[in-house]
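Work through the exercises below with the model open. Each solution goes step by step.

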Amino acid sequence: MNTPAEDFLRAAPALVDASLRWRHRFATLGPDFYARLAPEPLPHPYWVARSDRLAAELGLDTHWMASDDALAVFAGNAPLAGSSPLASVYGGHQFGNWAGQLGDGRAILLGELLTPSGSGMELQLKGSGLTPFSRMGDGRAVLRSSIREFLASEAMHALGIPTTRALCIVGSNAPVVRETVETAAVVTRVAPSFLRFGHFEYFAWRGKAEALRALLDHAVSHFYPECQRTDVAETACALLAAVTARTAQLMAQWQAVGFCHGVMNTDNMSLIGLTLDYGPFNFLDAFEPGHVCNHTDVLGRYAFDRQPEVARWNLFCLAEALLPLIGEPERAVQALAPYPRLFARAFEARLRAKLGLGDARPGDGALIDALLALLARERVDYTIFWRRLSQHMAGDALAPVRDLFLDRAAFDAWMLRYSERNRTVSRWGMGDLMLKTNPKYILRKHLAEQVIRAATAGDFAPLARLQAVLEAPFDEHPGCDDLADFPPDWAAHLTLSCSS
Ligand code: AMP
Ligand code: MG
């Protein structure tokens, strides 16, 4: 008798545009790296959301995307022609402790689609059922967390922040037990690669030097060709230095936009510098540097203002995993050494851009620090502050910015310093640039909650409306100002956990 996986893999492939081209570069690493399997069928699937924009980037026909065939494919109920599903194994440090073997416990990689632009994009079904790496979990994802991941992925992309993408959500009324009984959903995630720091950590922990070497070759040849050297140790050092640089850039972008990841475990750290694994993430409302978005993170390990330092700690884990290839610990330390400087420089550049200041000048760091300290002391809404400041620099009155502060004298004093600094910059051009740098719309926790409540009741229109706005977060969207407002009082009581 065939296993369900064998049956699935032998089933007639779904009808889809025959021009789809796949490659399976991760699969060529061999069976030590993954288990082949099929998604579990999702009963009575229905569409919850789709990104036509991403579908077009992938070369998927929009009409096909709206079809029942596509619904079956993205529910995990029918194979996509040319796909070859697998779940990968990795490890990771969770909340500072080595967690041993982990893996795609609720995600399945379909393969890598060759897009019309010539690049490869891996497709994953997340929430598609049990895998050999599910541990105690059920392999499912709930509608609530799937909507949060879908919206956040596309919102971050539109903000210009490297991230895994999300193609669609398929829902089902199948019950899934979390803190309460919820319903199941599957998100299709898309990224050039889902490699994590934890992939290297796993094989280092198992003492598999050959597998580590194969992983290094895979990562470097496909995603970091500029790191290729004749010597393995040098290649591994170059990779570590390149990942360090990308991670520093990513952290600068998170901190500048006010994004709090919530679970920066090393299994959630992308090797190619993407934002990966949207669980209890949050975008700051009031500027609270110590904000902890995951209520299970009682020690505040992943507080907003600790993220850059946590990323560095995680990079040390990656370095340790690469040591069997690098040899000399001192060389790994050298590859990591630029991190604090790279992060500081990137963060200052981002904040300077938010202030509309092009070139760096002495004193900019102090001006930025003074502003952030003031925003924190006054608990000013982070996004609204930047947007109103941009509008002011584009010609609007100052009052809407000033009104955000209780301590007007402190604000005036800072504003004076800022005006001194930007006296030589053309104010009109500057405002326009700032409006393209400081978003009007971000995925606030309460906005996600509102569309989740509607979707749970079968109304997907609010979700589509929010998605459309988040896909163009720097634009004005007439009639959508409610999506750019301060959070309501009830938002303060919303909690997020790892099941989010
Ligand atoms: P995450 O919190 O999603 O990053 O997951 C951490 C680890 O737990 C990974 O190995 C996941 O595959 C696994 N995991 C999380 N949620 C589930 C679930 N619902 N079913 C099975 N495994 C899960
Ligand atoms: Mg994870």
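Two strands pair if DSSP finds at least two bridges between them. The model used here is predicted.

**Exercise 1.** Which strands pair with β10, and in what sense?

*Solution.* 
Step 1. Locate the strand: β10 covers residues 181-191.
Step 2. Take β8, residues 141-142. Its pairing with β10 is antiparallel and rests on 2 bridges. That count meets the cut-off of at least two bridges. One contact to check is V142, whose bridge partner in β10 is A184.
Step 3. Take β7, residues 120-126. It runs antiparallel to β10, joined by 5 bridges. Here K126 stands opposite V187.
Step 4. Take β9, residues 165-177. It is antiparallel to β10 too, over 9 bridges. G171 has A185 of β10 as its bridge partner. With 3 residues between them, β9 and β10 form a hairpin.

**Exercise 2.** How many residues of β10 are buried?

*Solution.* 
Step 1. Apply the cut-off: buried means under 20% relative accessible area.
Step 2. Count: 9 of the 11 residues in β10 are buried, so the strand is mostly covered.

**Exercise 3.** How many disulfides does the structure hold?

*Solution.* 
Step 1. Set the limit: the two cysteine sulfur atoms must lie within 2.5 Å.
Step 2. State the total: 0 disulfides.
Step 3. C260 is buried because its relative accessible area is 0%. C480 is buried as well, at 9%.

**Exercise 4.** What separates the centres of domain 1 and domain 3?

*Solution.* 
Step 1. Select the residues: domain 1 is 4-194 and domain 3 is 357-435.
Step 2. Take the centres over C-alpha atoms: they are 42 Å apart.

Terms used. Residues are numbered from 1 along each chain as its sequence is written. Chains are lettered from A and ligands numbered from 1 in the order in which they are written. This is a predicted model: local features need pLDDT of at least 70, side-chain atom pairs count only at pLDDT 80 or more; totals for chains, interfaces and linings use all residues. Side-chain values use heavy atoms; hydrogens and water are left out. Buried means under 20% relative accessible area, exposed over 50%, partly exposed in between (1.4 Å probe, protein chains only). Domain bounds come from an automatic or database domain assignment. Helices (H or I, at least four residues) and strands (E, at least two) are DSSP runs, numbered from the N terminus.
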